[in-house]
Number of protein chains: 2
Amino acid sequence: MDERAALALLDRELDPVGDDAAVVDDLVVTTDMLHERTDFPPGTTRYTAGWRAVGASLSDVAAMGAEATAAVAAYAAPEFDPEELLAFVRGASDVCERVGAEYVGGDLDGHEEFTVATTAFGRARDPLFRSGARAGDIVCVTGTLGRSAAALTLFERAAEDETPPAEADRALERANELFRFVPRIDAGLALASRATAAMDSSDGLARSLHQLGEASGCGFAIDSEAIPVDDALDELTTGEGGARERATTFGEDFELVATVPDDALADARAATDVPLTPIGSVVDPEDGITIDGRDLEDRGYTHG
Amino acid sequence: MDERAALALLDRELDPVGDDAAVVDDLVVTTDMLHERTDFPPGTTRYTAGWRAVGASLSDVAAMGAEATAAVAAYAAPEFDPEELLAFVRGASDVCERVGAEYVGGDLDGHEEFTVATTAFGRARDPLFRSGARAGDIVCVTGTLGRSAAALTLFERAAEDETPPAEADRALERANELFRFVPRIDAGLALASRATAAMDSSDGLARSLHQLGEASGCGFAIDSEAIPVDDALDELTTGEGGARERATTFGEDFELVATVPDDALADARAATDVPLTPIGSVVDPEDGITIDGRDLEDRGYTHG
């Protein structure tokens with residue numbers, strides 16, 4: 001491979017507007033590495049870690065409008081506790097089962113920090129990309145935003161010295177539940193033939209819109225009141241506007257952000273049980289990316 | 001998933017006689033995690049690391065008798081030096097190109113230790129498994145054994161204080177060359193319809209034979225003189241029998257160990273440019289696993 005080809009490849013590696021997964025023939029492939037320090041707060045069970053790590057890769061498959069076929073995981077830890085490993089494999093298998101994929105195992109590796117690398121595969125006849133949004137399309141998000149922000153608040157609360165043990169246990173249980181999201185394969189399939197562009201919201205809504213805008217060459221006009229803020233985040237965040245702000249920028253939520261032509265929206269919503277909420281519209285690039293008429297900054301979660 | 005299914009899955013995760021890759025329909029999938037401390041000795045270039053890490057997964061695809069389709073890598077390091085990253089991507093791309101696969105990028109992650117997780121996939125109409133060897137079959141290995149053992153000797157020599165700088169540079173260059181193996185996709189395809197069982201030799205010949213023996217329910221009678229010891233290892237190892245012993249147990253070589261019916265061997269050898277060397281034969285399980293008539297112990301490389 002010559003320098004230019006290598007640079008182009010590297011560009012794709014580093015390019016924040018690259019798609020969520022690579023496409024080889026009709027096969028969609030994506031890989032992620034997560035590790036304890038940045039991705040699994042103290043109190044995350046290994047079951048949740050297995051579910052969430054494999055789910056993150058399945059979410060990228062969903063963002064491509066693909067069926068999920070299978071996933072593998074490489075599990076690295078300082079020691080292999082059979083119960084922890086079993087819990088991890090169960091979480092990984094259960095999230096696969098929820099979206100009709102098969103968990104087909106992986107690799108074990110000794111490592112100082114608990115680290116998981118996951119790869120998921122899918123098939124797409126008609127893959128969805130980040131480019132393709134056109135002025136006039138409706139911007140939608142699946143499910144709710146802010147689950148992970150709410151989970152983080154609960155993990156932190158559980159870790160505080162002044163939290164009574166019983167309350168800490170409840171907080172951890174709920175945080176783990178919130179951390180185990182269902183990858184939006186079903187919604188992705190409903191959007192595949194109908195949306196013009198899509199990606200997942202793992203970097204936060206604000207950053208996702210900037211990435212879609214860059215890939216599609218468009219702007220967005222978002223209505224903050226329309227953003228489906230998760231009830232748990234609303235309940236856990238005090239102060240006016242706080243929950244909405246966190247739901248917009250926090251990220252790590254693995255919902256889909258998609259642009260859909262106005263006349264295809266009803267069909268898309270009818271084709272999936274997953275709530276598909278319109279939050280604004282695609283505008284010309286010179287109109288920028290705005291929320292309630294003000295500039296929406298490109299900030300959000302930066303993956304560690 | 002119930003406990004029994006989870007345990008069966010976990011068994012597959014941990015089972016040393018599990019196959020080199022998982023098979024989902026006609027898709028062959030395999031994942032590996034490598035890291036600096038155990039897999040990349042000081043002096044390993046990032047080009048070599050990219051080649052070798054992706055090559056290790058492609059070797060598992062080869063062991064299944066599959067065509068190689070594509071590979072991805074998650075690259076984790078404390079910082080992202082563009083030159084190092086570019087070199088890594090080039091190595092990863094070049095090894096893919098050598099076997100007709102496509103390198104389709106991956107993920108970047110901040111991590112204290114340089115760590116790489118690779119996933120390769122391929123297609124197999126008629127996958128080869130570790131089970132299937134029958135008494136009377138010929139045991140063959142591709143290429144030569146001992147390349148990685150020789151490379152390690154050279155990496156160590158380069159790191160010694162008394163080694164003159166020019167000699168250290170030459171040692172490192174040669175060590176890196178030896179570390180960059182060609183995954184045996186071509187030989188795997190030649191063996192696919194002809195061999196009865198196969199796996200790669202990454203845990204060393206001795207351990208591979210024990211794993212094949214366990215999966216197939218057979219023994220082996222190996223002739224040590226027939227083992228194709230790599231010239232570099234012969235040259236670098238002093239002391240009688242030393243090179244042969246290291247070639248048998250050291251591992252990390254990524255050759256294929258296959259069992260082929262006597263009447264299919266000539267065809268298999270004619271179907272690939274890769275040398276396919278007979279080193280012994282498959283025997284009944286009660287005859288055990290022997291080399292020159294003595295028990296061949298189950299020892300070799302244990303992946304860190």
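**View 1. Right-handed crossing of H3(B) and H4(B) in the predicted model**. Helix H3 (residues 46–63) of chain B passes helix H4 (residues 82–98) of chain B, their axes coming within 6 Å and crossing at roughly 40 degrees. H3(B) and H4(B) are therefore oblique to each other, since an angle under 35 degrees would be needed for roughly parallel. On the H3(B) side, the contact is made by Arg46(B), Tyr47(B), Ala49(B), Gly50(B), Trp51(B), Val54(B), Gly55(B) and Leu58(B). These meet residues of H4(B), namely Glu84(B), Ala87(B), Phe88(B), Arg90(B), Gly91(B), Ala92(B), Asp94(B), Val95(B), Cys96(B) and Arg98(B). By class, the contact of H3(B) with H4(B) comprises ten nonpolar, three polar and five charged residues.

**View 2. Packing of H5(B) on H6(B)**. The axes of helix H5 (residues 147–159) and helix H6 (residues 165–179), both of chain B, lie 8 Å apart at an angle of about 155 degrees. Because this angle is over 145 degrees, H5(B) is roughly antiparallel to H6(B). The crossing of H5(B) with H6(B) is left-handed. H5(B) contributes Arg147(B), Ser148(B), Ala150(B), Ala151(B), Leu152(B), Leu154(B), Phe155(B), Arg157(B) and Ala158(B) to the contact. From H6(B) come residues including Glu167(B), Ala168(B), Ala171(B), Leu172(B), Arg174(B) and Phe179(B). Twelve nonpolar, two polar and five charged residues form the contact of H5(B) with H6(B).

View 3. Leaving aside residues up to four places away in sequence, Pro41(A) touches Leu152(A), Phe155(A) and Phe179(A). Asp81(A) is 40 residues from Pro41(A) along the chain, and the C-alpha atoms of the two are separated by 19 Å.

**View 4. Buried residues of H10(B)**. Helix H10 of chain B spans residues 242–249. Gly242(B), Ala243(B), Ala247(B), Thr248(B) and Thr249(B) of this helix are buried. The elements against which the buried residues of H10(B) pack are helix H8 (205–216), helix H9 (231–236) and strand S11 (289–291) of chain B. After H10(B) comes Gly251(B), with a positive phi near 80 degrees.

Note on methods. Residues numbered from 1 in each chain as written. Chains lettered and ligands numbered in written order. Predicted model: local features only at pLDDT ≥ 70, side-chain atom pairs only at ≥ 80, totals over all residues. Heavy atoms only, no water. Axes fitted to C-alpha atoms, helices over the stretch in contact; angles between N-to-C directions. Helix = DSSP H or I, 4+ residues; strand = E, 2+ residues; numbered from the N terminus. Parallel < 35°, antiparallel > 145°, perpendicular 65-115°, else oblique. Left-handed = near helix turned anticlockwise from the far one by under 90°. Contact = heavy atoms within 4.5 Å. Nonpolar A, V, L, I, M, F, W, Y, C, P; charged D, E, K, R; others polar. Buried < 20%, exposed > 50% of the residue type's maximum accessible area, 1.4 Å probe, protein only.
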